[in-house]
Amino acid sequence: MKHYTSIHDIDNINSWIEEAKLLKSNPLKNIGLGQHKTLGLLFFNSSLRTRLSTQKAALNLGMDPIVMNVSGDAWGLEFTDGTIMNGNTAEHIKEAAAVVSQYCDIIAVRAFPTLTNKEKDESEQVLSAFKKYASVPIVNMESATGHPLQALTDAITISENCTKPRPKVVLSWAPHIKALPHAVANSFTQAMQKMDVDFVIANPEGYDLNPEITGNTPIVHNQEEAFKDADFVYVKNWSSYEDYGKVINTDPNWMITKEKLGDAKFMHCLPVRRNVIVEDAVLDSDNSIVIQQANNRTYAAQLVLKKLLENA
Ligand code: CP
């Protein structure tokens with residue numbers, strides 16, 4: 001594996017899950033692997049879990065992490081080739097990526113979508129430019145269309161909590177006041193498609209995800225019907241894909257309640273807005289596995305970094 005930018009970079013999700021569980025049981029086993037290696041973490045957007053868990057993962061491997069808030073602290077970056085840079089951008093990605101590659105053995109990047117320009121978002125302008133112009137492996141810490149570190153985490157967490165050979169997993173949309181990206185839902189969908197689970201997506205009309213990603217996965221517009229016999233309910237808001245980036249529905253009836261959830265496990269990538277996405281009674285119950293999920297971010301990132309270091 002040269003880069004980890006998509007869930008499709010995982011060759012065998014079941015073996016990755018088992019290896020991540022082994023790392024979790026002995027996190028410092030490979031402490032020598034990353035000695036004298038540097039991980040650069042570049043954030044174009046906010047983060048709590050990704051920022052801390054990816055650094056923790058690097059430290060567990062003996063790597064030195066260095067972090068930069070690109071949007072606030074670096075020069076304004078230009079991504080268009082051949083442009084006359086007489087506007088607000090002061091440095092071209094060609095130089096920036098080449099320079100950072102000299103300081104870092106692996107570069108991890110977070111860059112969210114515009115949610116106003118579908119074509120630009122689907123081109124993954126920032127991530128693609130780093131892949132093109134950096135000379136070291138690139139890790140996606142959530143891009144315009146995918147969050148593969150989160151999805152690997154989610155697969156590990158489902159495996160840890162699974163009590164039957166083929167569990168029913170539901171990805172449910174829930175209301176939110178702001179327009180949010182599709183990245184988490186996209187990568188979770190792709191991960192579930194690789195696993196032996198009965199997978200269903202529930203969302204209101206007008207909120208179907210990119211059909212190139214959902215493929216043959218059943219999509220239902222009735223949450224109650226989707227939740228029947230569910231073992232895991234993964235909840236996430238996303239803006240409309242069809243009416244790109246728009247909030248077309250904030251129906252509070254789609255909020256997750258204890259009554260709707262039943263005996264299913266509740267999952268969410270966090271951060272989550274209490275009593276908008278999900279009621280307190282769910283998050284504060286034993287059915288919620290969101291804290292365990294967030295803990296697994298470390299081991300998903302550690303596995304990815306380990307594989308990239310071993311491949312170097
Ligand atoms: N789930 C997740 O990516 O969290 P952060 O945005 O806090 O990193």
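A salt bridge is taken here as a side-chain nitrogen of Lys or Arg within 4 Å of a carboxyl oxygen of Asp or Glu. By that criterion, the whole structure holds 12 salt bridges. The structure is a predicted model.

The protein chain splits into two domains. Domain 1 covers 7–146 + 296–310, and domain 2 covers 150–293. Their centres, taken over C-alpha atoms, lie 25 Å apart. Domain 1 brings 28 residues to the contact and domain 2 brings 31 residues. About 2,400 Å² is buried between domain 1 and domain 2, and carbon and sulfur atoms give 61% of that area. On the domain 1 side, Ile-7, Leu-115 and Asn-296 lose the most area to domain 2. Together these three residues account for 27% of what that side buries.

Polar terms were then counted across the boundary. Between domain 1 and domain 2 there are 14 residue pairs in polar contact, with both residues at pLDDT 80 or more. Three helices, α1 (13–25), α5 (118–122) and α13 (290–310), each supply at least two residues of the domain 1 side that touches domain 2. Helix α1 gives the most, with seven residues. By residue class, this side of domain 1 divides into 12 nonpolar, seven polar and nine charged residues. The count of salt bridges between domain 1 and domain 2 is one. Lys-24 and Glu-160 form a salt bridge through their side chains, at 2.8 Å from N to O.

Other salt bridges were examined in turn. Glu-18 pairs with Lys-21, with the closest N and O atoms 3.5 Å apart. Both residues lie in helix α1, three residues apart, about one turn of the helix. Glu-18 is partly exposed at 43% relative accessibility. Lys-21 is also partly exposed, at 25%. The side chains of Lys-164 and Asp-231 meet at 3.0 Å, N to O, in a salt bridge. Lys-164 sits in the loop between α7 and β7 (168–173), and Asp-231 in the loop between α10 (223–227) and β10 (232–236), so this pair ties together parts 67 residues apart in sequence. Lys-164 is partly exposed, with a relative accessible area of 37%. Asp-231, at 19%, counts as buried, because the cut-off for buried is under 20%.

Arg-166 and Asp-196 form a salt bridge at 2.6 Å, N to O. This pair links distant parts of the chain, 30 residues apart. Arg-166 is in the loop between α7 and β7, while Asp-196 is in the loop between α8 (183–194) and β8 (198–202). Arg-166 is partly exposed at 45% relative accessibility. Shared partners join the salt bridges of Glu-19, Lys-306, Lys-307 and Glu-310 into one network.

Backbone geometry shows several local features. The peptide bond from Leu-270 to Pro-271 is cis, with omega near 5 degrees. Pro-271 belongs to the loop between β11 (265–267) and α12 (280–283). Leu-115 has a positive phi, near 60 degrees, although not a glycine. Leu-115 lies in the loop between β5 (106–110) and α5 and is buried at 11% relative accessibility. Glu-142 likewise has a positive phi, near 115 degrees. Glu-142 falls in the loop between β6 (138–140) and α7 (148–161). At 8% relative accessibility, Glu-142 counts as buried.

Asn-140 lies in strand β6 and is buried, with a relative accessible area of 0%. The Asn-140 side chain reaches the backbone oxygen of Thr-5 at 3.1 Å. Beyond neighbours within four places in sequence, Asn-140 contacts Tyr-4, Thr-5, Val-109, Leu-127, Gly-146, Pro-148 and Leu-149.

Definitions and conventions:
Residues numbered from 1 in each chain as written. Predicted model: local features only at pLDDT ≥ 70, side-chain atom pairs only at ≥ 80, totals over all residues. Heavy atoms only, no water. Domains from an automatic or database assignment. Contact = heavy atoms within 4.5 Å. Buried area = accessible area lost by both parts, 1.4 Å probe. Polar contact = N/O pair within 3.5 Å; in protein donor to acceptor, adjacent residues only side chain to side chain. Helix = DSSP H or I, 4+ residues; strand = E, 2+ residues; numbered from the N terminus. Nonpolar A, V, L, I, M, F, W, Y, C, P; charged D, E, K, R; others polar. Buried < 20%, exposed > 50% of the residue type's maximum accessible area, 1.4 Å probe, protein only.
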